[in-house]
4 protein chains.
Amino acid sequence: MARVVVDVMLKPEILDPQGQAVANALPSLGIGDVSSVRIGKRIEIEFADSADLDRAKEIADRLLANPVIEDFTVRVED
Amino acid sequence: MARVVVDVMLKPEILDPQGQAVANALPSLGIGDVSSVRIGKRIEIEFADSADLDRAKEIADRLLANPVIEDFTVRVED
Amino acid sequence: MARVVVDVMLKPEILDPQGQAVANALPSLGIGDVSSVRIGKRIEIEFADSADLDRAKEIADRLLANPVIEDFTVRVED
Amino acid sequence: MARVVVDVMLKPEILDPQGQAVANALPSLGIGDVSSVRIGKRIEIEFADSADLDRAKEIADRLLANPVIEDFTVRVED
């Protein structure tokens, strides 16, 4: 068993209203030093045998991320 | 500026139907060696000054994760 | 072609921190009369021929909703 | 108390990989007549007094939807 982690985030130039909502809510908790919150996805893929980064990239590219609006990174979890 | 990353995943005993959908779709892409896919959230919090893990934990606990069904981890991004 | 809509919401007793974040952010927009915000999923399923509610329920039950924490409704879109 | 429902969907021309994953998984459940699955958000906003569609539109526009990639509709729930 081996785990690959795919992180999917909206591209920096794409507005993230849900992250904005969290950021806007922070002053009501007394938190004033946060300049930005961005909410993306973290996907954990378990391979039955060894981790396969190429396969994970293909999965991310076809079923997890939209390359027009999102960036993703793929890594074997330490 | 300093970034804290919060990873939020459903607890292992909680079924993740969206991850299951991705896992079930993989054979149609010719991918047969994946045993599990779990989809969670990755949140990037930018602090104006230095990273504040205690603040980030408080944000996660109150606005990002539901402790009944989700686990979260907080770390300063390398 | 016929469309079925599946609405998936967290059960009322399950805390929704993302909805809470939006609710907490509203006073900063000058909005004070909202008592609750809940964020769920809306899924549109297009059937090639006629709408099949039983099929849609099966899809929701197996790939869209977790019955332990979520409720769903299925309807043919008007 | 009055409830407003906001439906947020990716614009039709924007690829929805999570919906695609569900669609690709359906043949493995023996379901062959679905041509498309799209996954969006459904938000329920409870107003303390009467439903305020203009307020709900403002909330959607600023904290729920990204107008570059998403469309939303706002309605008072029947």
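I begin with A:R42, which forms a salt bridge with B:D7, the closest N and O atoms lying 3.2 Å apart. By salt bridge I mean a side-chain nitrogen of Lys or Arg within 4 Å of a carboxyl oxygen of Asp or Glu. Across the interface of chain B and chain A, that rule finds two.

A word on the source: this is a predicted model, in which local features need pLDDT of at least 70 and side-chain atom pairs count only at pLDDT 80 or more, while totals for chains, interfaces and linings use all residues. Residues are numbered from 1 along each chain as its sequence is written, chains are lettered from A in the order in which they are written, and side-chain values use heavy atoms, without hydrogens and water.

Turning to extent, 32 residues of chain B are in contact (heavy atoms within 4.5 Å) with 32 residues of chain A. The buried area is about 2,800 Å², with carbon and sulfur atoms giving 62%; this is the accessible area (1.4 Å probe) that the two parts lose on being put together, summed over both. In chain B, the residues losing the most area to chain A are B:L29, B:D33 and B:R42, together 20% of what that side buries.

Finally, the strands, which are DSSP runs of E of at least two residues, numbered from the N terminus. Strand β2 (residues 34-47) of chain A runs antiparallel to β2(B), joined by 13 bridges; strands pair if DSSP finds at least two bridges between them. Within this pairing, A:G40 stands opposite B:R42.

Terms used: Helices (H or I, at least four residues) and strands (E, at least two) are DSSP runs, numbered from the N terminus.
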